[in-house]
Amino acid sequence: MSASELPLSATAPRRQIVTLQAHILQQQALHPGASGDFSWILSALSISAKMIASQVRRARLEDVLGGVGNQNVQGEQQQKLDVIANDILLRTLSGREGVAIVASEENEEPVILRDEQTGDRKYCVLFDPLDGSSNLDVCGAVGTIFSILRQDRRSAKQEDSLLQPGTQQVAAGYVLYGSSTVFTLTLGKGVDMFVLDPSIGAFVRVEQQMRIPRANKSYSLNEGNRLTFPEGYQKYLHWAQENGYSSRYAGAMVGDVHRILLQGGVFMYPPTKKAPNGKLRLMYEANPMGMIVEQAGGKALAAPGQRLLDVPPTDIHQRTPVIMGSPDEVDHVIRHLQSG
Ligand code: AHM
Ligand code: MG
């Protein structure tokens, strides 16, 4: 049978099958001098994601839902799976030579893994092990968020090396444990998305160089706090409701920002009476998600004229207001804040 006689499906070019592992090796090949340290860190994050996904799926069967009875450093109730996910990430990352420091939303102090002051500069990995964990008890979306910085040897204390603005991130990403497990990654040159194929145990690339829609009439914030938002946000909500906007809020930033990346809209966590600086954490949530959104062509701000990635960190657990998403939708919010 000649090629012209084959059915179209047998000859038409199909999308290549590229796993996350292959993608990481392809990226490493673009840097011929690379030691491979960075690739090993990404592979630790991918293994952690598979382990956490499996724990999340089995949570009710294994009776690991609910709180552990402790509060974390943020004064919030720790869920059992917060602790399990944190432990998985600490254990996989601590085995990687390239990691100098890890910092977690769940730990008061960063963990210094390697203290050498000579040799190659290593990396710092910051993460929120299980974002939105209160959704677990109701099978709602939860996720892991991570940010990778280069160690800054000029800092007097090792842990001060973590206090770099979001513009210094060399990579960031999130894993969404939803109806499928999604791994979204930026290495500073666009955003790629992978979905876990449970039958082969590998993340397979489903999107390359993603672009966020320019606009979509959809906003995402906890409207229950509306009466304590600064006036500009209230004006925005009034305007949005008069103009036919929809409201969507998952209660997990990973779920909300994932939807906005694919369908457009704006995600916000404004200052409130209870949380005057906002609730979300700059280093573990705002910066990595902000980098993803910007790399996909969106905008990420803390306030009018204040790009999130430029906010100078003074404390690894500091909080910030967040406005991120489609460029036109973020502009609408900012316009109202400026007039507020
Ligand atoms: P967590 O990291 O302790 O789970 O909290 C962060 C989460 C975000 O994912 C989500 O957007 C927000 O907190 C929800 O908070 P609220 O219940 O105040 O709307
Ligand atoms: Mg969180």
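I started with Glu285, which turns out to be buried, with a relative accessible area of 1%. I'm noting here that this is a predicted model. The cut-off I used for "buried" is under 20% relative accessible area, so Glu285 qualifies.

Next I checked what Glu285 does at the metal. The magnesium ion (ligand 2) is coordinated by Glu285 through OE, and by Asp128 and Asp131 through OD, at 1.8 to 2.2 Å. I wrote the spacing of these donors in sequence as D-x2-D-x153-E. Asp128 sits in strand 5 and Glu285 in helix 8 (residues 282–295), 157 residues apart, so this pair links distant parts of the chain. I looked up Asp128 too: it is buried, with a relative accessible area of 0%.

Then I moved on to ligand 1. How many residues surround it? I got 17, and the closest are Gly132, Asn222, Tyr249, Met253 and Tyr269. By class, that shell has seven charged, six nonpolar and four polar residues. Strand 5 (123–131) and strand 13 (266–269) each supply at least two of the shell residues.

I also went through some polar contacts. An oxygen atom of ligand 1 is 2.6 Å from a polar backbone atom of Met253. For Tyr269, I found an N or O atom of the side chain 2.6 Å from a ligand 1 oxygen. Asp131, one of the magnesium donors, has a side-chain N or O atom 2.8 Å from an oxygen of ligand 1. Taken alone, ligand 1 exposes 470 Å², and the protein buries 82% of that.

Last entry: where does ligand 1 lie relative to the domains? Domain 1 (20–207) and domain 2 (218–339) both give residues to its shell, so ligand 1 lies between them.

Note on methods. Residues are numbered from 1 along each chain as its sequence is written. Chains are lettered from A and ligands numbered from 1 in the order in which they are written. This is a predicted model: local features need pLDDT of at least 70, side-chain atom pairs count only at pLDDT 80 or more; totals for chains, interfaces and linings use all residues. Side-chain values use heavy atoms; hydrogens and water are left out. A residue is near a molecule or strand if one of its heavy atoms lies within 4 Å of it. A polar contact is a pair of N or O atoms within 3.5 Å; within protein, one must be able to donate a hydrogen and the other to accept it, and residues adjacent in sequence count only if both atoms are side-chain atoms. Accessible areas come from the Shrake-Rupley method with a 1.4 Å probe; for residues, only the protein chains shown count as cover. Helices (H or I, at least four residues) and strands (E, at least two) are DSSP runs, numbered from the N terminus. Ala, Val, Leu, Ile, Met, Phe, Trp, Tyr, Cys and Pro count as nonpolar, Asp, Glu, Lys and Arg as charged, and the others, Gly among them, as polar. Domain bounds come from an automatic or database domain assignment. Donors are N, O and S atoms within 2.8 Å of the metal (3.2 Å for Na, K and Ca); water is not among the atoms, so sites may look incomplete. Buried means under 20% relative accessible area, exposed over 50%, partly exposed in between (1.4 Å probe, protein chains only).
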